[in-house]
Amino acid sequence: MMSYEQLETALKERDQAPHPAELSDFIEQEHAADLARFVAEWPPQDAWRVLDLLELSQQAEVFGYLPHQFQVDMADSVARDRLARLVTEMNSDERADLYNELSEEQRAALLPALARAEREDIRRLASYPKDTAGAIMTSDYAVLTAELTTGEALQKLREEALDQETIYRTYVIDSDRQLVGSVRLQDLFLAPSKARVSDVMERNTHAVTVTDDQEQVAQQVARYDLLALPVVDAEGRLVGIVTHDDAMDVIQEEATEDFHRVGASKMVRNMRDASVFMLYRARIVWLILLVFGNIFSGAGIAYFEDTITAYVALVFFLPLLIDSGGNAGSQSATLMVRALATGQVRLNDWSWMIGREVLVALLMGLSMAAAVSVIGIFRAGPEIALVVALSMVIIVIVGSVIGMLLPFALTKLNLDPATASAPLVTSIADAAGVLIYFAIATAFLFPTI
């Protein structure tokens, strides 16, 4: 049988749509995610030809793995009834995600073709604010009541299993849909068939609300190693679950967004397909702002023009010193953004963290000063070496403190700490480094002129 890579290469070389006979064995063996990657290489009409070789449930699974924009393009290239049949088979959260990506015209065309239950489910899930638990939860979950016997509960799960995201942990509700507990499938299986669900369920089931931030929800799923996390409304009624795979998607999305912010650029969903203008727009605003920020460094150099004229050798060490401060600050900011994002550090830990960072930065600064002082002695003499060494220590400490304080300050202001990006920290640390270096040089050297 041809491998995925061999088939993809052969079809690309022929520059034509895939032939069903060539794909039959391939489709049967491939994972839906891999098949989606293959399908996304083709124009939407040809992608539909590939999906048509699958059962409807398989089509929905593959479609769910496709990039959102490609899903929209495919939805725009097919008859309404054909799309409605596929959407009906999709998981509820994936249906809502697709609906949110569609234009108003596409939504108006799709909804009348769906059954009432699907329409209401889509509208409900799509109504929750972006980046909340409600926006990423699914309504495909099983529930039990406490008075059922374990035998009755198992029979109910057998009947519903195919339509639910997971049955390994089922949630127990009362007559008002209030969440009262949860029960593991293995506990139901091992318990006597006449035992009640109330006898084997766990009553202290952790849940989140529909308005909780999606990143915090995903962190809880990862922290407690959960297959799913129940979501309740303001009255405590169970309205959905966030599954482990959806939580991992959120973590990946948030990490990507933070990386872009650390690099002082807006988020680009698909780097390979992004246009030149899109990449330009994502980066230019921050770069222009940082250009004006770097004016402070130039102003500092101009202010100490007399010192520089008298001791030209100082210029040799300027890039080395300010880069060291910027690098130390970027390291601190990166570590702190990560710690705040994962919940390892809380806002009220700032004083202890700053104190420890000063000590760490002092040790780093002394080590770097010892190395650069050797160069200073050979390059410009002991006086300049002393200035450079002392400046190195202070600049590294200041840069590290700036890098650690910025994420705390932004978090306090309810801003994303990832905004304390490497270029921003570097620009601030550079300006501070110039002032520190030449201030120390003036204080030490001008009395000897």
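Mentor: Two strands pair if DSSP finds at least two bridges between them. Helices (H or I, at least four residues) and strands (E, at least two) are DSSP runs, numbered from the N terminus. This is a predicted model, in which local features need pLDDT of at least 70 and side-chain atom pairs count only at pLDDT 80 or more, while totals for chains, interfaces and linings use all residues. Residues are numbered from 1 along each chain as its sequence is written, and side-chain values use heavy atoms, with hydrogens and water left out.

Trainee: In what order do the strands of the open sheet stand?

Mentor: The order is 4-5-6, in an open sheet of 3 strands with mixed pairing.

Trainee: What makes strand 4 and strand 6 edge strands?

Mentor: Strand 4 (208–209) and strand 6 (238–243) each pair on one side only.

Trainee: How do you know that strand 4 and strand 5 pair, and in which sense?

Mentor: There are 2 bridges between strand 4 and strand 5 (residues 228–232), and the sense is parallel. In those bridges, V208 has V231 of strand 5 as its partner, and T209 stands opposite V232. Helix 15 (residues 214–223) packs on this sheet, with contacts (heavy atoms within 4.5 Å) to strand 4, strand 5 and strand 6. The direction of helix 15 makes about 140° with that of strand 5.

Trainee: Why is strand 5 called mostly covered?

Mentor: Buried means under 20% relative accessible area, exposed means over 50%, and partly exposed is in between (1.4 Å probe, protein chains only). In strand 5, 5 of its 5 residues are buried. A228, P230 and V232 point one way, L229 and V231 the other, and all are buried.

Trainee: Why does D131 count as partly exposed?

Mentor: The relative accessibility of D131 is 30%, and therefore D131 is partly exposed. D131 sits in the loop between helix 10 (116–126) and helix 11 (133–136). D131 also has a positive phi, about 70°, although it is not a glycine.

Trainee: Why is helix 21 called roughly antiparallel to helix 22?

Mentor: The axes of helix 21 (residues 350–380) and helix 22 (residues 382–412) come within 7 Å and cross at roughly 155°. Angles over 145 degrees count as roughly antiparallel, under 35 as roughly parallel, 65 to 115 as roughly perpendicular and the rest as oblique. So helix 21 is roughly antiparallel to helix 22. By class, their contact has 26 nonpolar, 4 polar and 1 charged residues.

Trainee: How do you know that S373 is buried?

Mentor: S373 has a relative accessible area of 18%, so it is buried. S373 is found in helix 21. Not counting residues up to four places away in sequence, S373 touches A385 and A389.

Trainee: Why does A432 count as buried?

Mentor: A432 is at 18% relative accessibility and therefore counts as buried. A432 has its place in helix 23 (residues 422–445). Leaving aside neighbours within four places in sequence, A432 is in contact with V398 and I402.

Trainee: Why are helix 3 and helix 5 called roughly perpendicular?

Mentor: Helix 3 (residues 32–39) and helix 5 (residues 56–65) pack at an angle of about 70°, with axes 8 Å apart. Helix 3 and helix 5 are therefore roughly perpendicular to each other. A32, A33, L35 and A36 of helix 3 make the contact with E61, V62 and Y65 of helix 5. By class, the contact has 6 nonpolar, no polar and 1 charged residues.

Trainee: Which residues of helix 7 are buried, and what covers them?

Mentor: In helix 7 (residues 80–89), R82, L83, A84, L86 and V87 are buried. Their cover includes helix 4 (44–51), helix 5, helix 6 (68–75), helix 8 (92–101), helix 9 (104–110) and helix 10.

How values were computed:
Axes fitted to C-alpha atoms, helices over the stretch in contact; angles between N-to-C directions. Nonpolar A, V, L, I, M, F, W, Y, C, P; charged D, E, K, R; others polar.
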